[in-house]
Amino acid sequence: MGAMKLADFVDLDTYPIDRPGSDDYVAAVAAARDGLRSVGCAVVTNLIRAAAVAELAAEIKQEKPTTHFSMQTMNPYFHTEVNDEFPERHPVNTFIERSSGFIPGDSWDPAGPMNRLFRIPELVEFIAECLEIPELYPYADPLAGLTANILDPGQQFTWHFDTNDFAVTLLVQEADEGGLFEYVPAIRSPKDEGFERIQNVLDGGREGVVTLELRPGDLQIFRGRHSLHAVTRVPDGSRPRHAAIFAYTAEPGVIGRVERTTQLFGRVLPAHVEAEEARVRSDALID
Ligand SMILES: O=C(O)CCC(=O)C(=O)O
Ligand SMILES: [Fe+2]
């Protein structure tokens, strides 16, 4: 297939994201805003056509050998070391296995389906509308901007918070079992770390836990900075779970931190080193 266009990805009769004023557009945005306002999560069901999902799945399979898998036990803030300033039984000192991997941003063909979809202006604008953000830009980080999250059999992505305010995820290949996205809406806020509620979930508590039923082709818009979330373990013998993750920022030119980049991708690029000291944080929460 040649370079894919918007209409190759989206059935524009059902989701006319090329016609922002149309009734169906307004309705889709309103539904997504409802979800994002109430629980920090919106699922645009069946947004991406099955044939396009197949193209994305093929590209992910092709680039899968470049996946950086890392097995570590980490706290919800992606830290792996005990912090003596906090008690032993505390989220900061509770470490659980994260064993998934990421295909990095520099693996994708600039003209391939992953990059095409990630950068379609109409899609970016639609996502911005859903999030009620005036402008969105594809995350400029050359590794973390456009990734695929890979969970092979036996792997899980434990409870954590994202550093980005929101993420856009497209399930491309379901596991036969497990590999479910779970989250606890607004378990923390800029004014309240929510440590007790978080500890309860880390200890296996189910209070407030929502399990999403995602199908390939569903687009999920998720505010992961305040909502603890995880992908459950894919059992041995299952098909792997593959999800495309599109990161956008409200400001252009944002680059991720050296430490987190190394943790997720096993390396950094010169752009990360240059950006390290110039970083501006939007809040004072623990990573
Ligand atoms: O694979 C997913 O659905 C989400 C993974 C995730 O939470 C993350 O990459 O931060
Ligand atoms: Fe996440």
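Visitor: What is the relative accessible area of Glu 132?
Guide: This is a predicted model, where local features need pLDDT of at least 70 and side-chain atom pairs count only at pLDDT 80 or more, while totals for chains, interfaces and linings use all residues. Residues are numbered from 1 along each chain as its sequence is written, chains are lettered from A and ligands numbered from 1 in the order in which they are written, and side-chain values use heavy atoms, leaving out hydrogens and water. Buried means under 20% relative accessible area, exposed over 50% and partly exposed in between (1.4 Å probe, protein chains only). Glu 132 is partly exposed, and its value is 39%.

Visitor: Which residue forms a salt bridge with Glu 132?
Guide: A salt bridge here is a side-chain nitrogen of Lys or Arg within 4 Å of a carboxyl oxygen of Asp or Glu. The closest N and O atoms of the pair are 2.9 Å apart. The partner sits in helix H2 (residues 23-39), whereas Glu 132 is in the loop between H5 and strand S6 (137-138); helices (H or I, at least four residues) and strands (E, at least two) are DSSP runs, numbered from the N terminus.

Visitor: Which protein residues are donors of the iron ion (ligand 2)?
Guide: Donors are N, O and S atoms within 2.8 Å of the metal (3.2 Å for Na, K and Ca), and sites may look incomplete because water is not among the atoms. The donor residues are spaced H-x1-D-x66-H in sequence. Lying 2.1 Å from the iron ion, the protein donors are His 160 (NE2), Asp 162 (OD) and His 229 (NE2).

Visitor: How far apart in sequence are the parts that Asp 162 and His 229 tie together?
Guide: Asp 162 is buried at 15% relative accessibility, and His 229 is buried at 4%. Asp 162 lies in the loop between strand S8 (157-160) and strand S9 (167-173), while His 229 is in strand S13 (residues 228-231), so the parts tied together are separated in sequence by 67 residues.
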